[in-house]
Amino acid sequence: MESYSAATRYRVNVPDRVPANAVIELDYHTFGGDADPDFQGDHQLAWKALQDDGGPDLRFTPLNGGHWIVMRADLIGQVLDQPELFSSRILALPKEVGEVYRFIPLSLDPPEHGRYRSLVVPLFTAKMVHEKEADIRALSNTLIDAVIERGHCDYVAEFANILPISIFHQLVAFPEEERERLRRMAYAANAVSAQSAAGMLKAIGDFIAPLIAARRKDPGPDVISALLQGQPGGRPITDEEALHMCQQLFIGGFHTTAGTLGFLTLHLAKNPDSQKELREAPDRIKGRVNELMRRFSLVGIPRTATRPCTLGGQQIREGEAVYLPLVLYNFDEAIFERPLDVDFSRKAIPHATFGRGIHKCPGQALGMTEIAIALEAWLTRIPEFRLEDNARIRIKGGSVGGVENLPLTWR
Ligand code: HEM
């Protein structure tokens with residue numbers, strides 16, 4: 001397991017223009033997770049406590065190369081709505097690590113971004129997602145079959161970590177015998193040093209590159225073959241571009257969906273009344289997932305200023321990074337009343353769990369459908385469940401937070 005000392009290795013001096021009350025020693029790779037010594041036991045509440053501590057709307061941490069952290073929804077929105085001013089070229093901090101990731105389309109800015117995004121969006125249409133529903137349900141039930149009689153399981157290892165990647169394997173038609181190896185690669189896809197990020201991307205690339213070559217010769221009804229038909233800027237997509245797109249799809253849909261399943265099920269295990277409420281109306285789970293995803297948001301994203309500007313009255317220099325914890329968008333009282341309550345009667349739920357603006361997640365419908373069907377299947381078949389006595393739940397911070405183990409029992 002890699003240590004998180006990268007944050008401190010990349011410590012910088014705080015610039016003079018940063019107000020003293022804005023300075024905070026925050027390493028986003030660990031914040032909101034139990035590797036952080038100050039962790040209070042809840043990923044989302046750790047961020048909320050910071051938002052409510054009376055400090056300024058922009059904080060500055062000297063860790064991870066030094067960067068701003070944006071605390072309010074309107075400012076997070078301003079950053080996401082100006083991709084020319086706030087570039088997504090650096091996808092992780094410190095920038096020495098972020099530069100290693102060349103995900104397409106996420107690391108591209110306009111106008112280049114649009115040429116590739118238009119190749120990804122048609123892969124995840126409502127029709128395609130609808131056609132996947134039966135597979136998602138069947139897989140959920142197979143995973144439940146394996147644990148139901150036992151009366152207990154580790155929900156993360158035996159369900160949440162398996163479902164999203166198995167569905168992705170089906171979409172790209174990865175060879176059956178290689179799927180376990182890929183699952184292990186996806187687990188490791190959370191590198192915090194430039195060296196480990198490069199190693200992880202190379203391992204995934206070494207696996208996917210031959211598949212791209214094979215699908216060029218012999219296309220099938222799968223996502224990689226469809227991508228290879230793409231014409232960014234009116235010419236055929238290159239193998240390298242296709243590889244960076246596949247790497248993004250491979251990593252982008254796994255930790256996010258698995259982490260959300262973990263947080264939602266942890267919440268349900270602690271709240272039998274919420275389980276009951278969902279169980280009593282399984283046909284309404286799909287509609288209710290949106291509110292649950294608002295409350296249990298888990299992604300944070302960096303952007304880099306392309307020129308000097310001000311944000312929330314604070315000067316930002318060209319090349320400085322701002323980090324956007326999307327959960328704080330969803331927890332801002334300016335948008336949502338009583339934001340910590342799970343409230344299924346909310347009328348509109350314009351949350352930012354899937355981002356906002358030109359990079360807003362194109363896999364949203366697939367991710368939400370996986371989560372809704374997984375919850376519905378679990379709640380329909382598994383009786384009231386709770387955490388195992390004395391369970392020690394490990395929570396992960398980082399740009400995609402998550403639950404690393406979730407021992408449940410229904411004995
Ligand atoms: C619960 C599940 C998911 C969550 C919470 C989520 C979240 C996000 C967020 C916040 C972004 C924007 C990042 C940014 O602006 O920097 C994003 C982008 C993206 N996501 Fe997802 N995602 C999920 C599932 C998926 C799935 C299942 C796929 C496809 C397999 C996917 C593919 C992508 C892609 C390709 C982008 C980049 C879009 C662009 O740059 O235009 N995501 N996602």
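Visitor: Which ring does the charged end of Arg 294 sit over?
Guide: This is a predicted model, and in it that charged end lies over the ring of Phe 336, 5.0 Å from its centre. Arg 295 has its charged end over the ring of Phe 296, 4.7 Å from the centre.

Visitor: And how many aromatic pairs does a search of the whole structure find?
Guide: The search turns up 14. A pair of aromatic rings is described by how far apart the centres are and by the angle of the planes. Take Tyr 28 and Tyr 323: centres 4.3 Å apart, planes at 25°, so they count as stacked, since that is under 30 degrees.

Visitor: Where in the chain do Tyr 28 and Tyr 323 sit?
Guide: Tyr 28 is in the loop between α1 and α2, while Tyr 323 is in strand β8, so you have a link between parts 295 residues apart. Both tyrosines are buried.

Visitor: What about Trp 378 and Trp 410?
Guide: Their centres are 5.7 Å apart and the planes stand at 85°, so that pair is edge-to-face. Trp 378 belongs to helix α17, and Trp 410 to the segment after β12, 32 residues apart. Trp 378 is buried at 2% relative accessible area, and Trp 410 is buried too, at 10%. Ring pairs also join these two with Tyr 155, Phe 159 and Phe 385 in a cluster.

Visitor: Last one: which protein donor does the iron atom of the ligand have?
Guide: Only Cys 361, through SG at 2.3 Å. Cys 361 lies in the loop between α16 and α17.

Notes
Residues numbered from 1 in each chain as written. Predicted model: local features only at pLDDT ≥ 70, side-chain atom pairs only at ≥ 80, totals over all residues. Heavy atoms only, no water. Donors = N, O, S within 2.8 Å, 3.2 Å for Na, K, Ca; no water. Helix = DSSP H or I, 4+ residues; strand = E, 2+ residues; numbered from the N terminus. Phe/Tyr/Trp six-rings, centres within 6.5 Å; stacked < 30°, edge-to-face > 60°. Buried < 20%, exposed > 50% of the residue type's maximum accessible area, 1.4 Å probe, protein only. Lys NZ or Arg CZ within 6 Å of the ring centre and 35° of its normal.
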